[in-house]
Amino acid sequence: MEEDVETRKISSSFLRDHSYATEADIISTVEFNHTGELLATGDKGGRVVIFQREQESKHQPHRRGEYNVYSTFQSHEPEFDYLKSLEIEEKINKIRWLPQQNAAYFLLSTNDKTVKLWKVSERDKRPEGYNLKDEDGRLRDPSMITMLRVPVLRPMDLMVEATPRRVFANAHTYHINSISVNSDYETYMSADDLRINLWNFEITNQSFNIVDIKPANMEELTEVITAAEFHPHHCNTFVYSSSKGTIRLCDMRTSALCDRHAKFFEEPEDPSNRSFFSEIISSISDVKFSHSGRYIMTRDYLTVKVWDLNMENRPIETYQVHDYLRSKLCSLYENDCIFDKFECVWNGSDSVIMTGSYNNFFRMFDRNTKRDVTLEASRENSKPRAILKPRKVCVGGKRRKDEISVDSLDFSKKILHTAWHPSENIIAVAATNNLYIFQDKVN
């Protein structure tokens, strides 16, 4: 990161557009693969759309950062649980890529109940010259076959196929909120409100329950699991966050059921800030390990916090995302916005943090310079290669020309899902039903 976030110029491109959007078109997850060449989005309609980065050409060097549709497929369908008389939504809650091992790509996608492993592969040749069937696929009359033919492969237009290789079902009573691939690449975990299960990629009919916080009497329930993630390098370590604003780090070497955490991260509450909404806004909506594995980042309603794994009693950094909303919590409670679940992401070097806000704003915090910037993802200011201008929110008093009043923020426009390219300054921002790609200005 050569420049800090306040002075960096960020140019934009506008990817996924539904002018007449339906509920099914709302993007519910965004994820780059390990190289950053592919970008996957999932939506409320159960679809996965994969974008591929343009290869650089001598004639059009600026197109290198552009992403175009590579493959679209229906990952999940709506279902009905007849035992509980419940509809199961097709909405994609999370997508996680597996590292590429061969020419094909593999990704995990999940809705509320079922995780699926998808294989995405290319085909540019087709076999011709079968003995027992003709070119249209019809069986030939055996009496007409007088000679043996050797089938040959002929070139054809490139086809990208998505096929489900594994379906991991029937293991979650509650809604799945997280999936995380382990660094051993043999296992992954899925977390719901009260339990976390460990799966082997080869075994679909059995999983191991590694965390269970369900009380014997559900009336004694005081917290739920909100997010979970494996350590990027140590396959035995994972963290999960709770609705009480706490983070537990667990070591699977200790016992088969990780009901006793190895570390417990919690910040003491400031009594002067105590209010009716304290418990709601302290609930953690996302938890992410840094790429180095040294830090954990958590997002609650108003802040992003960075924790050092070696210090459990308080975070080492706290960033205010939209502190100007503290006075609006009552109306945000009434319109249910206070329960929105914002995600947070690291850049490739763990030096910058990004997370979303309202009014299609998203925030970036530079950990080294302590500078921050508010940017807007909207169709008006996102013409291809347009430069994004920093935005400022004004709280009371006189409003400058380029500022926006806190009272005129649109709470229906929210950026919950973002992703950062693993090695470059390219970000993906999902603004309801539109996907934007922003990158460093290319001269």
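## The sheet

E4 and E5 pair in the antiparallel sense, over seven bridges; two strands pair if DSSP finds at least two bridges between them. Val49 has Thr72 of E5 as its bridge partner. The strands form part of an open, antiparallel sheet of four strands, in the order E2-E3-E4-E5. E2 and E5 (67-74) are its edge strands, each pairing on one side only. From one strand to the next the twist averages 20 degrees, with axes fitted to C-alpha atoms and angles running from 0 to 180 degrees between N-to-C directions. Helices (H or I, at least four residues) and strands (E, at least two) are DSSP runs, numbered from the N terminus.

The model is predicted: local features need pLDDT of at least 70, side-chain atom pairs count only at pLDDT 80 or more, and totals for chains, interfaces and linings use all residues. Residues are numbered from 1 along each chain as its sequence is written, and side-chain values use heavy atoms, leaving out hydrogens and water.

## Arg53

Arg53 lies in strand E4 (residues 47-53). Its relative accessible area is 4%, so Arg53 is buried (under 20%; exposed is over 50% and partly exposed in between, with a 1.4 Å probe and protein chains only). The side chain of Arg53 makes a polar contact with the side chain of Glu424, at 2.9 Å. Such a contact is a pair of N or O atoms within 3.5 Å; within protein, one must be able to donate a hydrogen and the other to accept it, and residues adjacent in sequence count only if both atoms are side-chain atoms.

## The largest pocket

A pocket is an open set of points on a 1 Å grid over the protein atoms alone, where a 1.4 Å probe fits, with protein on both sides within 12 Å along at least five of seven lines; lining residues have an atom within 4 Å of a point. The largest pocket has a volume of about 1200 Å³, volume being the space filled by probe spheres set on the points. Its lining has 50 residues, with Lys91, Phe339, Asp340, Lys341 and His417 nearest the centre.

## The second largest pocket

The second largest pocket holds about 900 Å³ of space. Of the 32 residues that line this pocket, Glu31, His34, Arg96, Glu229 and His291 lie nearest its centre. E2 gives the largest share of the lining, four residues.
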